[in-house]
Amino acid sequence: MGDVSTSQTSPLPFLKGHGTENDFVIVPDPDNAVDLPVAVVARLCDRRAGIGGDGLLHVVRSAAHPEARHMAGEAEWFMDYRNADGSVAEMCGNGVRVFAGYLQRAGHVEAGELSVATRGGIKKVHLAKAASGSGSAMGDITVFMGRAVLPEDGATVSVGGRSWPARNVNMGNPHAVAFVEDLAHAGDLLIAPQCTPASVYPDGVNVEFVVDRGERHVAMRVHERGSGETRSCGTGACAVAVAAARRDHLDPAVTGVPVTYRVDLPGGRLVITERPDGEIEMTGAAVIVAEGLIDPVLLETVTA
C-alpha cells in the first residue's frame with residue numbers, strides 16, 4: 001500500500017448545483033489554494049463513493065490562476081472546469097450558468113452583465129434577478145457562448161452497427177452532431193461512440209444524437225468526452241442548434257435574421273439563438289441544491 005499524503009487537513013466547503021440536470025460539484029477557492037489532482041476530482045464526482053457530478057467547478061479568481069491571469073483584466077473569476085474523470089476541459093456551457101449562479105448566490109456579483117474566464121476564452125453572461133420566493137432556484141441565465149467554428153472535415157459516428165454522418169462543430173470544445181431517426185439508436189452511451197476518421201478529433205469529442213420534434217425544435221442525447229452520457233450539455237445544445245440551422249439552410253450571417261431553436265435534453269430545455277454576427281446565446285435555469293463540507297479523507301492522494 002502506498003503512502004498517503006494530503007494538503008488539506010480541514011473540511012473543505014462545497015456546493016452542489018445543476019443546469020438542466022447537468023450537475024456539478026462546486027468548490028469555491030478564490031485564492032487557488034486547494035490542490036485538486038485528477039484522482040481527487042474523480043473521487044468527488046463519483047456518484048457512490050463521493051458527492052457525485054458530471055463535472056467539478058473550481059471557482060478561482062483569474063488573477064490567482066496561472067492559466068487565467070492574462071484574462072484577469074476582463075474577467076475577475078475563472079471557471080477551472082474538470083470532467084467527471086478528473087481531466088481538464090476547455091468549456092462547459094451548463095457549467096458557466098451554474099458557475100455564474102453560484103457567484104450571484106454568494107454575493108460576489110449582482111444581477112446584470114458578467115464576464116467569466118474559461119479555457120475556451122471569456123464568456124459573457126447575463127444574470128436575471130432571482131424570482132421572489134424561488135428558494136435555491138435562480139432566474140434564467142443567458143450565456144453568450146461566442147461563435148461556432150464549422151470545420152469542413154466531418155466524421156462518421158457509429159453505434160451498434162449503425163452509422164451516421166456527423167457535422168463537425170467547435171464551440172471552444174469539439175462536437176460531432178449526428179441526426180438520427182430515434183434517440184434510442186444511440187444505445188446506452190456507457191462508452192464513447194466510435195468516430196472515424198480518428199484524425200478529425202485527435203483529443204476526443206463530445207457526440208450528440210439529434211431528432212426533430214417540430215419546427216426549430218429538436219431533442220438530443222449526448223456522450224460528453226470524459227464524462228459519459230449526461231442529462232444536459234450546454235455547448236452540445238449550441239452545436240446542435242447550429243448544425244440544425246445549417247441543415248435547414250438557415251444561416252443568420254446570410255439572412256441577417258437571428259435564428260432560435262428549442263433544444264430538449266433529458267434534463268430539461270435550453271433555448272439557443274444564433275445572431276447575424278455569429279454570437280450564440282444560450283438561455284436556461286441554474287439551481288443550487290445543497291452545500292456542505294467535504295471530509296478531508298476524500299481529498300487525500302495516494303503516492304506509490
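Me: What makes the approach of the T273 side chain to the side chain of T260 a polar contact?

Reply: In this predicted model, the two side chains come to 2.7 Å of each other, and since a polar contact asks for a pair of N or O atoms within 3.5 Å, the pair of T273 and T260 is counted as one.

Me: Where does T273 lie, and which residues does T273 touch beyond its neighbours in sequence?

Reply: T273 belongs to strand β17, residues 268–274, and, leaving out residues up to four places away in sequence, T273 touches P258, V259, T260, E279, I280 and E281.

Me: Why is T273 called buried?

Reply: Its relative accessibility is 15%, and because buried means under 20%, T273 falls in that class.

Me: What makes E21 and R231 a salt bridge, and where in the chain do the two residues lie?

Reply: The side chains of E21 and R231 meet at 2.8 Å, N to O, and because the cut-off for a salt bridge is 4 Å, the pair qualifies. The pair links distant parts of the chain, for E21 sits in the loop between β2 (12–19) and β3 (22–28), whereas R231 sits in the loop between β15 (228–229) and α3 (234–247), 210 residues apart. As a general point, side chains of opposite charge can pair when their charged atoms come close.

Me: How do you know whether E21 and R231 are buried, partly exposed or exposed?

Reply: The relative accessible area is 35% for E21 and 38% for R231.

Me: What makes D264 and R269 a salt bridge, and which class of accessibility does each residue fall into?

Reply: The N to O distance between the side chains of D264 and R269 is 2.6 Å, which meets the 4 Å cut-off. D264 has a relative accessible area of 17%, and because that is under 20%, D264 is called buried; R269, at 40% relative accessibility, counts as partly exposed.

Me: What is the N to O distance in the salt bridge of D277 and R275, and how accessible are the two residues?

Reply: The side chains of D277 and R275 meet at 3.0 Å, N to O. D277 is partly exposed, with a relative accessible area of 39%, and R275 is also placed in the partly exposed class, at 26% relative accessibility.

Me: Why are β6 and β7 called paired strands?

Reply: Strand β6 (residues 112–118) and strand β7 (residues 121–127) run antiparallel and are joined by seven bridges; because pairing asks for at least two bridges, these strands pair. G112 stands opposite L127 in β7, and the two strands form a hairpin with two residues between them.

Me: How do you know that β7 also pairs with β8?

Reply: Four bridges join β7 to strand β8 (residues 141–147), again in an antiparallel arrangement, and because the threshold is at least two bridges, this counts as pairing. In β8, T142 is the bridge partner of H126.

Me: Which residues of the largest nonpolar core touch the most other members?

Reply: This core holds 52 residues, of which M79, V125, V263 and I272 touch the most other members, and α3 gives the most to the core, with nine residues. Neighbours within four places in sequence aside, I272 is in contact with A237, C238, A241, V259, T260, Y261, V263, I280, E281 and M282. Apart from this core lies another, of 19 residues, including Y201, V205, F209 and A219.

Key:
Residues are numbered from 1 along each chain as its sequence is written. This is a predicted model: local features need pLDDT of at least 70, side-chain atom pairs count only at pLDDT 80 or more; totals for chains, interfaces and linings use all residues. Side-chain values use heavy atoms; hydrogens and water are left out. Buried means under 20% relative accessible area, exposed over 50%, partly exposed in between (1.4 Å probe, protein chains only). A nonpolar core is a set of buried Ala, Val, Leu, Ile, Met, Phe, Trp, Tyr and Cys residues joined through side-chain atoms within 4.5 Å. Contact means heavy atoms within 4.5 Å. A polar contact is a pair of N or O atoms within 3.5 Å; within protein, one must be able to donate a hydrogen and the other to accept it, and residues adjacent in sequence count only if both atoms are side-chain atoms.
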